[in-house]
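User: I would like to go through this structure with you. Could we take it piece by piece?

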Amino acid sequence: MSVRKTRALLIVMTAALAAGLGEMALQGQEAQGEIVRRARSKVAAVYPELARKLNITGTVKVEVVVAPNGSVKNARVVGGHPVLANAALEAVKKWRFEPTAMESSGVVDFKFAPRN
């Protein structure tokens with residue numbers, strides 16, 4: 001496939017994903033805000049190679065539901081660039097929080113920028 005066709009396909013796919021994530025962001029406005037439970041272990045998000053090539057930067061907001069044992073029970077993107085979203089989701093699913101008696105939820109921010 002030619003470079004021109006590849007870029008056009010990428011633009012169309014990005015626009016389609018952005019439209020879907022925009023809808024998710026509207027649904028996620030009732031999120032509680034920043035999570036108050038302390039993370040015991042965090043896994044850093046891997047900056048996607050496609051984002052590096054296209055010089056895409058920004059913040060991805062992920063709403064997480066944390067089980068009483070500290071594991072991430074559910075996670076969904078509520079804002080951010082679609083090319084970066086999957087990397088943030090994959091990372092936050094590996095996080096572990098301190099245990100508590102009840103389930104809790106909140107929003108975690110992942111900032112993406114190329115390292116020089």
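User: Where does Val 36 lie?
Analyst: Val 36 lies in the loop between helix 1 (3-27) and strand 1 (39-41). Helices (H or I, at least four residues) and strands (E, at least two) are DSSP runs, numbered from the N terminus. Residues are numbered from 1 along each chain as its sequence is written, and side-chain values use heavy atoms, with hydrogens and water left out. This is a predicted model: local features need pLDDT of at least 70, side-chain atom pairs count only at pLDDT 80 or more, and totals for chains, interfaces and linings use all residues.

User: Is Val 36 buried or exposed?
Analyst: Val 36 counts as exposed because its relative accessibility is 79%. Buried means under 20% relative accessible area, exposed over 50%, and partly exposed in between (1.4 Å probe, protein chains only).

User: How far apart are Val 36 and Ser 104 in space?
Analyst: They are 8.6 Å apart, C-alpha to C-alpha, and 68 residues apart in sequence. Ser 104, in strand 5, is the bridge partner of Val 66.

User: In which sense do strand 2 and strand 5 pair?
Analyst: They pair in the antiparallel sense, over nine bridges; two strands pair if DSSP finds at least two bridges between them. Strand 5 is mostly covered, with seven of its nine residues buried.

User: On to the core: which residues touch the most other members?
Analyst: In the largest nonpolar core, of 24 residues, these are Val 62, Val 64, Val 92, Phe 110 and Phe 112. Such a core is a set of buried Ala, Val, Leu, Ile, Met, Phe, Trp, Tyr and Cys residues joined through side-chain atoms within 4.5 Å.

User: Which elements supply at least two residues each?
Analyst: Strand 2 (58-66), strand 3 (72-79), helix 3 (82-92) and strand 5 (104-112) do. Helix 3 gives the largest share, eight residues. Helix 3 is also mostly covered, as nine of its eleven residues are buried, including Leu 84, Ala 88 and Val 92.

User: And the largest pocket, what lines it?
Analyst: The lining includes Val 43, Tyr 47, Arg 52, Trp 95, Phe 110 and Arg 115. A pocket is an open set of points on a 1 Å grid over the protein atoms alone where a 1.4 Å probe fits, with protein on both sides within 12 Å along at least five of seven lines; lining residues have an atom within 4 Å of a point. Strand 5 gives the most to this lining, three residues.
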